[in-house]
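Take a look at the protein chain below.

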Amino acid sequence: MAALRRPTRPQDGRPLMSLPAGGGGAGSQAPMETGEGRPGLAATLRALNGALGRPEGLWVKESGARNLRHRDFLAPRAALSAAFPGGQVPADVMSGVTSLGGPGVLEVRGCQETPAGLAVQLRRPEAFRRLLGSPSVPSPPPSPPGPRVVLHCPALRRPAALRPRHLRPLLLADHLAQLLRAQGVSVRLVPALPEEGSREVLRQLRINWPSSSSGLALLDAISALKQALGRSPCAAACEQAPGAAALPEDVICKVHLKSFVEEQGLVGYDPNLDVLLVTEEKLRSLAELQQAVLQCTAEGQGSCCSSIVHVVSCEEEFQQQQLDLLWRILDPGAHTALQKHLVCGPVKVTNPSSPIGADQYFQLRKQQMYEASVMKYGELAEDEAWTEVIDTLTVAAIRFEMLSTAHRSQITLDLEDSSISTKGTKSGAFVMYNCARLATLFDTYQRAVERGTYPPRPPAAELNFSCLREEGEWLLLFNYLLPFPEVLQQAAQLPPPSKGIRITANTEMVCKFLIQLSMDFSSYYNRVHILGEPFPHLFDQMFARLQLLGAVRDVFHSALATLHLPPLSQI
C-alpha cells in the first residue's frame with residue numbers, strides 16, 4: 001500500500017526517476033530500441049496474417065488472464081475454415097508462423113492446433129528483453145512541418161457562466177489537442193479565452209487554452225467578411241414586416257442557408273436550417289477561425305491545415321451548423337470545406353437543488369474529495385501540499401467522469417455520488433492513487449539503496465527477464481506496455497465521416513486504458529512482494545520487477561500528461 005505520509009514536493013519538480021527519451025510529455029513512451037525495432041502489436045499481427053497468406057485480420061489478440069495462460073494470439077476455427085479447405089492449416093504455413101521475424105515483430109515460441117483454432121504463444125522472456133532491456137535512443141531530429149488541425153470549442157463564446165454540460169466539449173477538446181500534439185500534429189485552439197468569466201474554473205481544471213487574439217487583424221477580417229456579405233447572393237436586407245417583433249439591434253442582414261445547402265448538394269445538415277440572422281458576434285467567430293487557419297497555413301509553409309473540427313455539445317450543434325454554412329458562403333476557399341463536427345452527447349445532472357454552474361460543480365466535487373480523504377486517512381494537514389493533492393484528485397475525478405464515456409453517449413452526473421472520489425475502481429482518483437503507489441515504491445527502494453540495504457539497479461541490458469514468470473507481469477506488458485503507443489495513436493485519430501459532416505473519435509480510450517491498467521496493476525501489486533528480503537539470490541527477480549514497474553510508471557505519466565494531470569508522489 002502507498003505510504004500514508006504528508007505529500008512533499010520534489011525539490012526540482014521532477015519525478016524520482018527520469019522518463020526515457022521523450023522527457024515524460026504527452027508523447028513519451030516506454031524505452032525504445034535501436035536495431036530490432038520496438039516490438040509492436042500491429043507489426044506482429046501483420047506478420048501473422050502474412051504467414052497465413054491473408055491480408056485481412058484473421059488473428060485475435062488475447063487479453064484475459066485465463067486465455068493468456070495458454071496462448072497470446074488465436075486464429076479462430078471459423079476463420080480458418082473459411083481460409084483453408086476443411087479448416088486444416090498446411091504444415092508449411094504452420095512453419096512460417098513459428099519462424100516469424102522482422103522489425104517490430106515478436107518472436108513465436110510455439111504454434112498449435114486447438115479446438116478453438118490456431119493458437120500462438122510468444123517467447124515471453126525475449127519480449128520482456130526487447131521492450132524493457134534496450135537502452136533509450138535519443139529524440140529524433142525535428143521533422144518537417146506535420147499535419148495541422150484547428151479545434152474550435154463554441155462553448156467558450158457563451159457570455160453567461162459555464163455549466164457542466166459546457167465542460168464536456170471543452171475538456172474533450174483540451175484532451176484531444178494533447179493527443180494530437182503527441183502524434184506530431186500542430187494544433188490551434190479557438191476561440192481565444194475572454195478576459196472575464198470562465199478563466200478561473202478553466203485554471204482549476206488545468207485546461208490549457210490560449211487567452212489572446214490579434215485585435216487589429218481580427219477587425220480587418222471582420223471588415224472583409226462584411227464586404228463578402230454585401231456581395232453574396234444568399235444575403236438579403238432585413239425588412240421589418242408589419243406587426244412582427246422588432247429585430248435585435250446588432251443584426252446586419254439575413255442569409256438563406258437552405259437554398260445554399262440545396263444548390264451545393266451538401267449532406268448531413270439539419271433539415272430545419274433556413275434563414276440566419278447575421279450579427280457582428282457571428283462574424284467575429286468566423287474571423288477568429290479564419291485567423292487560426294491563416295496561422296496554420298503560415299506554419300505549414302503555404303499548405304492549408306488538414307482539418308477544422310468543431311467540438312460542440314448536442315445543444316449547440318444546430319447553431320454551429322449555421323456558422324459552418326455562413327463561413328462556406330462568405331469564404332468559398334478550400335479550408336471551409338474541411339469543417340467537421342465532433343458532437344458530444346448530453347450531460348444530465350441529477351439531484352440539483354438549482355441549476356449548477358461549472359465552478360459550483362468543481363467546488364462540490366472538491367468537498368466530496370476532501371471528505372472522502374479524511375475518512376480514508378484521518379484529518380489532513382491544512383497546508384499547501386495537501387491542498388494541491390486534493391485539487392489534483394478533484395481534477396482527475398472530473399476529467400474521468402467527463403471523458404471515460406464515448407463522446408456520443410449521454411453522461412449522468414449524480415451530484416450526491418461520492419464514488420467518483422476514492423472508493424470507485426473506475427474513478428480518476430483510483431488511477432492517481434495507483435500512480436502514487438508506484439512513486440512510493442521507487443522512493444522506498446531509493447532510500448533503501450542509500451542505506452545500503454539493496455544495491456543500485458544494474459543496467460537494463462544486464463537484467464535477467466526470465467525471472468518474470470507471474471501471469472500478472474505478462475498481463476502488464478502484453479496488455480499495456482506493448483500496445484500503449486498504438487492506444488495514443490488511435491485515440492488521436494480523426495477519421496473522415498462516411499457521410500455528412502459529423503465525425504467520431506475514440507477520445508475515451510486513454511481514460512479506459514488507465515482505469516484498466518490501474519485495476520490490473522493493483523491486483524498484481526497486492527499479490528506480489530516487489531521489495532523482498534535483501535538476499536543476493538533474490539536480487540535478479542527484484543531488479544527485473546522494478547524495471548517492469550518503472551515502465552508501467554512511465555506509461556502512467558505519459559497517459560496522464562494527455563489529461564494535464566501531474567503524477568502525485570504520495571496520497
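## A first residue

Is Arg77 buried, partly exposed or exposed? Arg77 is partly exposed, with a relative accessible area of 26%. Buried means under 20% relative accessible area, exposed means over 50%, and partly exposed lies in between (1.4 Å probe, protein chains only).

This is a predicted model, in which local features need pLDDT of at least 70, side-chain atom pairs count only at pLDDT 80 or more, and totals for chains, interfaces and linings use all residues. Residues are numbered from 1 along each chain as its sequence is written, and side-chain values use heavy atoms, with hydrogens and water left out.

## The whole chain

The protein chain has 18 helices and 14 strands. Both are DSSP runs numbered from the N terminus: helices (H or I) have at least four residues, strands (E) at least two. Of the 571 residues in the chain, 52% are buried.

Now take contacts, meaning heavy atoms within 4.5 Å. Among contacts with a separation of 6 or more, 77% are between residues 24 or more positions apart.

## A three-stranded sheet

Three strands form an open sheet, in the order E7-E8-E9, with antiparallel pairing. The edge strands, E7 (235-236) and E9 (275-279), each pair on one side only. Two strands pair if DSSP finds at least two bridges between them. Strand E8 (residues 251-256) is joined to E9 by five bridges. Cys253, for instance, has Val278 in E9 as its bridge partner.

Helix H9 (residues 257-264) packs on this sheet. H9 touches E8 and E9, and its direction makes about 35 degrees with that of E8. Such angles run from 0 to 180 degrees between N-to-C directions, with axes fitted to C-alpha atoms, for helices over the stretch in contact.

## Salt bridges

The whole structure holds 18 salt bridges. Each is a side-chain nitrogen of Lys or Arg within 4 Å of a carboxyl oxygen of Asp or Glu. One of them joins Arg77 to Glu113, with the closest N and O atoms 2.9 Å apart. Arg77 sits in helix H3 (residues 77-83) and Glu113 in strand E3 (residues 108-114), 36 residues apart. Glu113 is partly exposed, at 32% relative accessibility.

Glu317 and Arg502 form another, with closest N and O atoms 2.7 Å apart. This pair links helix H11 (residues 317-330) to strand E14 (residues 502-503), across 185 residues. Glu317 is buried at 12% relative accessibility, whereas Arg502 is partly exposed at 45%.
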